[in-house]
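Good morning, and thank you for coming.

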Amino acid sequence: MNEAKRPGRRSGGTGRRGGRPNSQGGRGDRSRRPRQAGRPASAQAPVDEPRRAARDVLRAVRERDAYANLVLPGLLRERGLEGRDAALATELTYGAARARGLLDAVLARCAGRAIEEIDGPLLDVLELGAYQLLRTRIAPHAAVATSVDLVRAEAGPGQAGFVNAVLRRVSEKTEDEWVAELAPDVSSDPVGHLAFRYAHPRWIAQAFADALGADAGELEEALIADDARPAVHLVARPGEISAEELALITGGEVGPYSPYAVHLDGGDPGLLDVVREGLAGVQDEGSQLVARALTLAPLDGPDSGRWLDLCAGPGGKAALLGALADIEGGRVDAVEPLEQRADLIRKTTRGLPVDVHVVDGRDPGLGGGFDRVLVDAPCTGLGALRRRPEARWRRQPSDVAGLVKLQRELLESALKLVRPGGVVLYSTCSPHVAETVGVVTDAVRRHGAIPLDTREMVPGVPGLGDGPSVQLWPHRSGTDAMFMAALKRPTDS
């Protein structure tokens, strides 16, 4: 979708009682209203640097389809923003990107025009201002005045006056009041209402409800968890450092499920010495569980140590598999069709028994006979929206069909490459039924693959349902919504 053109009534928003915490963790007083933000040109205030940084990241997201979580850390380092300033810039960037649907709906109502009719640079600032007014306890007059200053410094007083007028109208209602006015009716469209309230497009909320199935009553919990800013998850490299040692070094906490996981409250993990030195990496605990599950899957016959990561870029799971294979005396082949991403795998797995092949996983030209094959397939990424806040507004329902075709082809290739009695672990960072159980069911029907109880490969994780596949959820396990299913190739095939 062209990010310069945004629909005015997106499904998004939240209904948290009493507002959201600011960077100091407090709650907002919704009774305050902004004072007039205008000021004489001679008294023009300097532009607020954390807000300018947030605005610039949102602009990169809109104009270049950039990813906020990739742009922001480097920009903070470049501009020397640390401590409270960095925390504020981070909260405003991710918060505004995540809540864009609600913010745009409110702004369209207050501006009296469609969002498409508002210039992109102005819209970036309006979203930042509206986010502060509706979802933080930042004083309303400060939220409006700093937004006006950003526009005045770049575009002059005329457009600054427009921003001032629109944001003052935004401030006339609380977030809950705007949700009550703009969200679909809860009685006639409960999924749409929850989608608006918790900042998700409706089709994604429906996909979550479909994946929850009999537990669809948990949809609100799932959307709340997916709308929250997640903790940073680190992975300790096996054979180099333990999770306990990594937690002591970083001040984090050992994760509850993966024996390699450490959770941090926040910060830039790229600045940590243990990450720079390759002793640890940044990886969601759910992704760690996927890689570990492959190594725990039961085989028919001995494990010769030939493992394959068929969709290895950018290399996080390949690195964990490589470290585990190194301990066991095995070796991992890692497949990635794009040279740039293959180079990332090489850097991530340097010093490990990992061989990188720049080929298409659907026809990699590799000899078969692998004991274990991981297919961490390209997908919509709906399971990691909390870590990629802008992604929920980029993805479209039309993306699913093409990805499902690719996923089926990759899984078919994996079942040919694994030896009889060996195991393929299929995973996606998406709970969408078409990408998960739909693909697996097709492989069982067409290729005779034997489903294994994948729950046994993720010991200690609660809320795994009836099996045999596993669907993780942020609201249940605190991980991304990873799906995994283990399939054995019949010994007579």
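Two residues are said to be in contact when heavy atoms of theirs lie within 4.5 Å. Please keep in mind that we are looking at a predicted model. With that cut-off, consider valine 424: leaving aside neighbours within four places in sequence, this residue is in contact with Val373, Val375, Leu411, Ala414, Leu415, Val418, Ala485, Ala486 and Leu487.

Valine 424 belongs to the largest nonpolar core, which has 44 residues. Among the members that touch the most others are also Leu219, Leu310 and Tyr426. Elements giving two or more residues to this core include helix H11 (219-227), strand S8 (370-376), helix H18 (399-417) and strand S9 (418-428). Domain 2 (184-227) and domain 4 (285-489) each supply at least three residues. Apart from this core lies another, of 43 residues, including Leu123 and Trp178.

Now to the rings. How many aromatic pairs does a search of the whole structure find? The search finds two. Phenylalanine 208 counts as buried because its relative accessible area is 2%, where buried means under 20%. Tyrosine 426 and phenylalanine 483 form an edge-to-face pair as well, at 6.4 Å and 70°. Here strand S9 is linked to strand S12, and both residues are buried.

Finally, charges over rings. The charged end of lysine 173 sits over the ring of tryptophan 178, 4.6 Å from its centre. Arginine 306 places its charged end over the ring of phenylalanine 370, at 4.0 Å from the centre.

Conventions. Residues numbered from 1 in each chain as written. Predicted model: local features only at pLDDT ≥ 70, side-chain atom pairs only at ≥ 80, totals over all residues. Heavy atoms only, no water. Core = buried A, V, L, I, M, F, W, Y, C linked by side-chain atoms within 4.5 Å. Buried < 20%, exposed > 50% of the residue type's maximum accessible area, 1.4 Å probe, protein only. Helix = DSSP H or I, 4+ residues; strand = E, 2+ residues; numbered from the N terminus. Domains from an automatic or database assignment. Phe/Tyr/Trp six-rings, centres within 6.5 Å; stacked < 30°, edge-to-face > 60°. Lys NZ or Arg CZ within 6 Å of the ring centre and 35° of its normal.
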